[in-house]
Amino acid sequence: MTCQMVYHNGNCLNTKRPYARSCKLCIESCPHQAISEYRELDTKQCTECGVCMAVCPSGGFVDHSIDKLHNYLSESDKIVLNCPRAVPQGFEISCLGILDRDSWMTLMLLAKEKTATIITGVCSDCEDRQACASSVEIFKQVHADWPDHPAVHIKVRPDQGLAEKPVLTEVGVRRTVTKKDSKLGWRQKSREKIEEWLPSMAADESYQIPKTRQWLLEAFEASAEEKIPFHALAVVADSCTSCGVCAAICPQGALQKREERNSDIGAEDQTKEEQITSMRLIFEPQKCVQCHRCVETCRSKALTFSCKPLSHRLITGKILVHEGCPKYCNQCGKRIFDKGELCLVCATGDPANRGFFSL
């Protein structure tokens, strides 16, 4: 069977914005060493456990049938997901390991209106038990942050080979395979063969907000007055120097800087940098994938993330997290991006200030 995991190069954080320490979560998390340094999948090693999809913050790796799963979740009267080793009673997913934090929270939100059940085999006997364990840990984290969430039922029912094999239509309605179903038209057979042979046809698909985050926002929209736990950027500390580097390094565009310039003095009298009088930092939670590059880059250690109860309006809105004034060198007047009072040139040019950066 052809591997259904697809790498979307345009969605990878390393492609969106270069960074000194590239993201390798997919490579490091794969229990079968099926992903190369260049994000190439070894189909002989890959078991489609989906852990690469769950750990990827930005939708770099996705399952080829991800849209069918979304249709099933949104259109079915009740949700029943089963892994290949479980009794086939619902929509078959490759493994519990494909579920990331947003997926779990989507299931919990949908469980308010309809039952949500996950059926698994005996995970301890499965070669993908590491991926399953990783997803269970994510579930525990969500449960700790949101203890009163709607219930998602998990049942262990291994398939003994006695149950009839159900399949799902495009809208997620379960039915049993019959001889008539096997006599498909040649057009449909050709289309299915193409999808089987060339799953990477969708590899050029790119989107700023990962699909599981889109599912979460869609499910959450029906509960506009409710709040859910969401990892977001906390209020920026006073140590912020208003340099704006965090916005420049953000691969998702979740942080944006808005600069205002002095309009009283002409450009011929001031340099471009010296005209900036204030800087605002705008945060868009729905775009943030918690890669923490902004935190790692901030030299003044002014940024921190925390789990907050946020409404749908706040998650999909724009939040002012900082407003300040840029700093300029006391000697030459050039803009500086540190806690000190001098720029790099002036600090190293004067022997008395050579210890300025040895903090």
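Start with the lining of the second largest pocket: by class, this lining has 15 nonpolar, 7 polar and 9 charged residues. Keep in mind that you are looking at a predicted model.

To centre your view, select Leu-25, Val-55, Pro-57, Val-289 and Gln-290, which lie nearest the pocket's centre among its 31 lining residues. The space in this second largest pocket comes to about 780 Å³. Now colour by element: those that each supply at least two lining residues include α2 (25-29), α3 (51-55), α6 (129-145) and β12 (305-311). Which element gives the most to the lining? That is α5, with 3 residues.

The largest nonpolar core has 71 residues, and Leu-69, Leu-73, Leu-81, Trp-104, Leu-107 and Leu-255 have the most contacts inside it. Helix α5 (residues 101-110) contributes the largest share of this core, 6 residues. Next, select Leu-69 and show its surroundings: leaving aside residues up to four places away in sequence, Leu-69 touches Leu-81, Phe-91, Ile-93, Ile-98 and Trp-215. Then move to a second, separate core of 6 residues, among them Cys-329, Ile-336, Leu-342 and Ala-347.

Finally, colour by pLDDT. The chain's mean is 82, with 80% of its residues at 70 or more. Among the elements, α5 has the highest mean pLDDT (96), and strand β8 (residues 174-176) the lowest (36). Select residues 163-184, where the pLDDT is below 50; this stretch has 36 contacts in the model beyond near neighbours in sequence. Residues 194-202 are also below 50, with 11 such contacts.

Terms used
Residues numbered from 1 in each chain as written. Predicted model: local features only at pLDDT ≥ 70, side-chain atom pairs only at ≥ 80, totals over all residues. Heavy atoms only, no water. Core = buried A, V, L, I, M, F, W, Y, C linked by side-chain atoms within 4.5 Å. Buried < 20%, exposed > 50% of the residue type's maximum accessible area, 1.4 Å probe, protein only. Helix = DSSP H or I, 4+ residues; strand = E, 2+ residues; numbered from the N terminus. Contact = heavy atoms within 4.5 Å. 1 Å grid on protein atoms, 1.4 Å probe; cavity = no way out; pocket = protein on both sides within 12 Å on 5 of 7 lines; lining within 4 Å. Points joined across faces, edges and corners; volume = space filled by probe spheres on them. Nonpolar A, V, L, I, M, F, W, Y, C, P; charged D, E, K, R; others polar. pLDDT = per-residue confidence, 0-100.
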